[in-house]
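Visitor: Hi, I'm new to reading protein structures. Could you walk me through this one?

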Amino acid sequence: MNEKSPNNLPSDFAHPGGFVEEVMNFINETAVCPQPLFALAAALTLAGLLYGRRVQASDGQRTNIFAMTIGYTSSGKDHALKSIARILDSCNASSLRLGQVTSDSAIEWALKRQPRLCLLIDEAGYFFSGVTDAKAKGSPQHAIKPALLELWSSANSRWVGKQRVPKDGKTEVPPVVIEHPHLCLYSTSQPQILFEGLTRNDLRDGWLARNLFFISTSRPKPTFKVQREVPNTIRAEVFAYKAEGELVTVPDTPEAMAVFTAFNDRIYAKMLAADKTGDEANYLYGKAIENARRVALILAVSRAGDALRAKIEAADAEYATKLVGYLIATVISSVDESLSENADEKAKKRILKIVAAAGVKGITRNELTRKTQFIRRSFREEYLQDLIDGNEIVVHEYLDGYGHGEKIHLAALSPQE
């Protein structure tokens, strides 16, 4: 892997070629805070959306990808998301994008109307925190995650939505059935919000493995840019693929298959090691070969300019396997440090971080309450008591302006009795 450039994009990925590179360049050139890694994520997602239901690889893989971009607040991460919407809108293709949803039913009905969609979610950390929170089980939002898990794997098959109970107890309400649903996802988040909103169950059920995490640690200096129209060459590609068309199977060259085979062998070894050692972070590799196949298919069509002429070359396979491997490697440390066993453990870790930030002076109970409004009161008291019983925090009484008060400290930073 070559060194990263100052903009946080390894040089290996600077030139994906074709339509993808053209979109990537347009996003970078119009960004106040350029983030080339996010521009690449957006370009791959947009191309994956457009080529959906139009092309497939020889093994049936389609071009639906889930891309999550993670960066600091005010570092330019929203420009790429807005650029996807802007490009589609400029071509009268707004019907191909979907805003934030509140239930799996909303996704079902949107796909029934338009079976090829890109779900765009800004500040997705808060959204996915609610989607994955076990305490929200049974809510419409909590049902979104199972739907997304299924849809990621259903682009080349028939997808059957949930069975509904008739209101009158008699009239049959058939489930939504969609042939070859094609849902792409592009989202943005701050790192601490996203990862603290997930649990180890998200590793075990394959949710995290289905996503490609594009993490940027750079903070570009803002520069004023004169906005320009979407280039006609980009618009032409959108117009060429925005309508439904005949499905084309894109073949692999023998050289490309050799690259995929070698990558698959490496991934399989990592999965076996995870089974033996219990290193759950390695389960992020669970969908690596499928994601690599999807990225390579996108690149092949993007470079060919015509699906009928496209074939997956060794260069496409090399780029895709390197990119997927790189993205997984960059996210493993963040996942391992941030994920909790469950929602209760996650909330307790948040409380401990807040108390630790207060240092030796500790934090008053009222101040802690203000900083943990995201936790329901009854749960907060339960978590505090568990942390006290486990000797992770201690509570000391002190005299305040009203004659008494309480301060909470980490046990390791507790003042002497």
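**A walk through the model**

Guide: Helix H6 (residues 144-152) is mostly covered, with seven of its nine residues buried. Buried means under 20% relative accessible area, exposed over 50%, and partly exposed in between (1.4 Å probe, protein chains only). Helices (H or I, at least four residues) and strands (E, at least two) are DSSP runs, numbered from the N terminus.

Visitor: Which residues in H6 are buried?
Guide: In H6 the buried ones are Ile144, Lys145, Ala147, Leu148, Leu149, Leu151 and Trp152.

Visitor: Before we go on, what kind of model is this?
Guide: This is a predicted model: local features need pLDDT of at least 70, side-chain atom pairs count only at pLDDT 80 or more, and totals for chains, interfaces and linings use all residues. Residues are numbered from 1 along each chain as its sequence is written, and side-chain values use heavy atoms, with hydrogens and water left out.

Visitor: How many helices and strands are in the protein chain?
Guide: The protein chain has 16 helices and twelve strands. It has 417 residues, and 52% of them count as buried.

Visitor: How many bridges do S2 and S7 share?
Guide: Strand S2 (residues 66-70) and strand S7 (residues 182-189) pair in the parallel sense over five bridges. Ala67 stands opposite Tyr186 in S7, and Met68 has Ser187 as its bridge partner in S7.

Visitor: And S2 with S8?
Guide: Five bridges join S2 to S8, and these two strands run parallel. Ile70 stands opposite Ile215 in S8.

Visitor: Why is S2 largely enclosed?
Guide: Five of the five residues of S2 are buried, so the rest of the structure largely encloses this strand. Phe66, Met68 and Ile70 point one way from S2, while Ala67 and Thr69 point the other way, and all are buried. In a regular strand the side chains alternate between the two faces of the sheet.

Visitor: Is Thr30 buried or exposed?
Guide: Thr30 is buried, with a relative accessible area of 1%. Leaving out residues up to four places away in sequence, Thr30 touches His79, Lys225, Gln227 and Arg228. A polar atom of the Thr30 side chain lies 2.8 Å from the backbone oxygen of Phe26.

Visitor: Since we're beside H1, what do its buried residues pack against?
Guide: The buried residues of H1 pack against H2, H3, helix H10 (232-241) and helix H12 (288-304). Those buried residues include Phe19, Val23 and Phe26.

Visitor: How far apart are the end C-alpha atoms of helix H11?
Guide: They are 35 Å apart, which agrees with the 34 Å that the 24 residues of H11 (residues 254-277) should span at 1.5 Å a residue. The expected span is 1.5 Å times one less than the number of residues in the helix. Among the buried residues of H11 are Phe260, Phe263 and Ile267. After H11 comes Gly278, whose phi is positive, near 75°.

Visitor: Last one: what order do S10, S11 and S12 take in their sheet?
Guide: Those three strands form an open sheet in the order S10-S12-S11, with antiparallel pairing. Strand S10 (363-364) and strand S11 (393-398) stand at the edges with a single partner strand each, so one side of each is left without a neighbour in the sheet. S10 and strand S12 (residues 405-410) pair over two bridges, and Ile363 has Ile408 as its bridge partner in S12.

Conventions:
Pairing = 2+ DSSP bridges. Polar contact = N/O pair within 3.5 Å; in protein donor to acceptor, adjacent residues only side chain to side chain. Contact = heavy atoms within 4.5 Å.
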